[in-house]
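Please keep the sequence and the structure in view while reading.

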Amino acid sequence: MIHNNSNNGMMSSSSSSSSNPNLSSNNNSQQSPSGLKTYFKTPEGRYKLQFEKTHPAGLLHYAHGKAVTQVTITHLKEKLAQLPPTPTASSSTSGVRLAAARLLGGSNGSRSLSSFVGGNGTSSKSSFTGSYGRLGNTGAVSSTSGSPGISNYDGKGTYLIFNVGDTVYVSDFNSQDKDPIKMINFSNSNPVCHAFDPEAKDGHDLIIGLNSGDVYSVSLRQQLQDVGKKLVGAQHYNKDGSEFGSTIPNQVVEIYRLMENGIQPIVSGRDRYIRRFKEMKTDHIGELVCRCTSVSWVPEGDGNFIVAHSDGNLYVYEKSKDGTGDSSFPVIKDQAQFSVSHARSSKSNPIARWHICQGAINGASFSADGTYMATVGRDGYLRVFDYSKEQLICGGKSYYGALLCCAWSMDGKYILTGGEDDLVQVWSMDDRKVVAWGEGHGSWVSGVAFDSYWSPPSSDGSTENNVYRFGSVGQDTQMLLWDLAMDDIVVPLRRCPPGGSPTYSTGSQSSHWDNISPLGTLQPAPSMRDVPKLSPLVAHRVDNEPLSGMIFTQESVLTACREGHVKIWTRPGYGETQPSTSESVIPTISRDKPPSSAKVGSSGYKQVLIGL
Amino acid sequence: MQISSQKKKTGVIAPKRFVQRVKKQNELFRSYMHQDAHEFLNFLLNELVDILEKESQVPKSSSETSSPSEKIVNGLKNVLANGVHKEPLVTWVHKNFQGILTNETRCLRCETVTARDETFLDLSLDIEQNSSITSCLKNFSSTETLNAEDKFFCDKCCSLQEAQKRMKIKKPPHILVIHLKRFKYIEQLGRYKKLSYRVVFPLELKLSNTVEDADSEYSLFAVVVHVGSGPNHGHYVSLVKSHNHWLFFDDENVEMIDESAVQTFFGSSQEYSSNTDHGYILFYESIAPTSIKS
């Protein structure tokens, strides 16, 4: 009863999820041995746990906090059966990239070259087929699991990609099999973020960012066709990871380079920073170098992608372009100022550096049409940029603490953020301010997403456009679902909220709420009493481990925990019959419905076009 | 190191001399027995207050003026002169660490709210698995209903009544010390147990359970970490933020660590884990400029 200013008649300040009738009324008949329920109830019906995906048990018990599992959902279309476009056809659309792809093939050795070209070029189709036959045979012998993905020769299907420890796993989304069909091991550092682009015009559709700062782009299909445990046919970016280190002392960067080349440098024990560095394991180096925090393809971005780092920088890369030119950028004069620099050399990859903030960027997410990019960071600020104009549009600070994740609504009107203040924040692009705080998590909010497949009950058609369903997951092991009815919230905000004391309308606060802030400015943290509160519609304890992300698909909700367990909860009315083909799970997206796939993880919602 | 060069300027005492003095002050610390860091903090702060009060009384009784004591208590002015003479001395310990809690009890019959203030030097919070400090603070201030055996004597009704009780922070301290109750007596076991729960603590914190919705903001600057799986033994290490860098103190070893390493001390979401380094006492400093008031 601290905050009586909830304007929509919902309970306010309900930190205890158990007060939710949807939970307390459940019987215990469907509990799993761990005490976790295998379903949850919503107004539209019951969501049931259908599949679980995880990594081979007991394989790893890595130090927690080092690599939090994130999940990306991917769809590979039937592509290899039909011949890909001829080189002339694709060069007419993107000649630069084709050249780059050839360059890549040449630079990566014959093994990956044949594989790469085989997967993409018509000219070497016969060599590919031969290669496949060989791989298929060995795969059948040495396969560690059911391997439906490998046996499916063109790799067509829907896959989950998730990272655990030093490994990226690929699971067949439609298989009951708990175990992954593919593991890719990274010996040098932990993979921490990934993104998939199903519309990729040439082979590379998957980007993976590492704790060391290294970035790879690969073809997912090619990984599935390979039986090894290493990345194949990869393009490597930001090779030494520390190349752009602006916060690391120079001598440390030098030592790192020496050590990477197998030279043990002689350093005096006088400098504790260096001594500490020498004692560190490889994984810890990621803390000193600028680890990747989030990767994303630029929507309609012609193969460009962005990589956010822990030093507050975000780099723009061109896929499959070798960074042979001078990749250095001017020294950042003012760490606190936003600045964009373009590479001095046209041969450079990355092609641009965005210095966004001091401290880590924890997540970056594009609006569905690619117009805007939102970032959240250690400094607690949400920032929204016009991506092509490279301009800061708006943004604001959390109640307190870092923001960990962000996600766009399908129409680009709202952004969700979650962070260390345990709040789910709803940011309005029209108002350029926070319009609601969701209270309900008992710990940090690690993943947020709008449910683009949900439609409000059709009882009142007029308000339909103003109701949103979204979800959040937290380190409290809970998944919460929320309904956001903007009609109920926005209107009372213009006035003094009920329960607000007479001291409410003092200078800064009222100006914060009554005026739209000028373009390009960041708002300070709002006061607790100023922001309307939402309460969750559903609270469901998903796991015994803190959760790291969620994804909505047409048929299900996916949740992931930090330690690499993914659960697939089917929506009411789905999942009664087992999907026989992958198509049954692939959402068909009409043009007016936005692209809807997503990425689980602290970097939040990543749009992935599915099966157009 | 930076610290050694700063010692003289800020008047820091060498750890060896500090330990010697503590041992001299209390024989409990002369043995090799394991002590609780929170109990020690309480002892230290209370002992400091005692010493400061004694020091201030000596000149007072001899000269009958309060001016010498004012210097000793760090620039405190007029409070003693204007206040009742019985009022306890406000030392630098109080100025830094003391906050005021108010215990609001609302009689469910007559709706009268009785508020009782109490001072605190730290907040001891019950913890839950996979929770945050924010949520522990919320539980600390959550409304509790007094009924059945535990009714409240309402002065207005002159009888025992059902009532609702809640704790609010009336005056947030300049330095907020949060003690996580990781050592809990388990009745079924008949002994204490260490709770290794994962309790996340943000680097910035606001108190929202205050009387005036002040939203005072704090910044984490030190963590006392208990290393070990049991309640009776273990090891303490600490993390201290100094000049924008986090330092890790383990006996005579001091190392610089990355800010992101702080999260390795949150605790474990599994009961039996190899990770036994758990944040135990958190020190937050107010970053609001107005909060330093006597």
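A residue is called buried if 20 or more other C-beta atoms lie within 10 Å of its own, and exposed if 12 or fewer do. The model is a predicted one. By that burial criterion, 52% of the 612 residues of chain A count as buried. In chain B, buried residues make up 28% of the 294 residues.

**Overall content of the chains**

Chain A holds 11 helices and 33 strands, while chain B has 7 helices and 18 strands. For contacts between residues at least 6 apart in sequence, 62% of those in chain A join residues at least 24 apart. The corresponding share in chain B is 59%.

**Two open sheets in chain A**

Strands of a sheet pair through backbone hydrogen bonds, in either a parallel or an antiparallel manner. One sheet of chain A is open, has 5 strands and runs in the order β1-β2-β32-β31-β30, with antiparallel pairing. Its edges are taken by β1 (39-42) and β30 (547-552) of chain A; each has a single partner strand, so one side of each is left without a neighbour in the sheet. On average, and with direction ignored, neighbouring strands of this sheet are turned by 25° against each other. Within it, β31 (residues 556-561) and β32 (residues 566-570) of chain A pair in the antiparallel sense over 5 bridges. A:L558 stands opposite A:I568 of β32(A).

A further open sheet of 5 strands in chain A has the order β16-β17-β18-β19-β27, and here the pairing is mixed. The edge strands are β16 (361-366) and β27 (521-523) of chain A, each of which pairs on one side only. Neighbouring strands of this sheet are turned by 15° against each other on average, direction ignored. In which sense do β19 and β27 of chain A pair, parallel or antiparallel? Strand β19 (residues 391-397) of chain A and β27(A) pair in the parallel sense, over 3 bridges. A:C394 has A:T521 in β27(A) as its bridge partner.

| Strand pair | Sense | Bridges |
|---|---|---|
| β31 (residues 556-561) and β32 (residues 566-570), chain A | antiparallel | 5 bridges |
| β19 (residues 391-397) and β27, chain A | parallel | 3 bridges |

**Backbone features in loops**

Which two residues does a cis peptide bond join? The bond lies between A:N349 and A:P350, with omega at about 20°. A:P350 belongs to the loop between β14 (339-342) and β15 (352-355) of chain A.

A:D422 is not a glycine, yet its phi is positive, at about 65°. This residue, A:D422, sits in the loop between β21 (414-419) and β22 (423-428) of chain A. Is A:D422 buried or exposed? It has 30 C-beta neighbours inside 10 Å, so A:D422 counts as buried.

In chain B, B:N130 also has a positive phi without being a glycine, and the value is about 55°. B:N130 is located in the loop between β3 (123-125) and β4 (131-132) of chain B. Because 26 other C-beta atoms lie within 10 Å, B:N130 is buried.

Conventions. Residues numbered from 1 in each chain as written. Chains lettered and ligands numbered in written order. Predicted model: local features only at pLDDT ≥ 70, side-chain atom pairs only at ≥ 80, totals over all residues. Helix = DSSP H or I, 4+ residues; strand = E, 2+ residues; numbered from the N terminus. Contact = placed C-beta atoms within 7 Å. Pairing = 2+ DSSP bridges. Axes fitted to C-alpha atoms, helices over the stretch in contact; angles between N-to-C directions.
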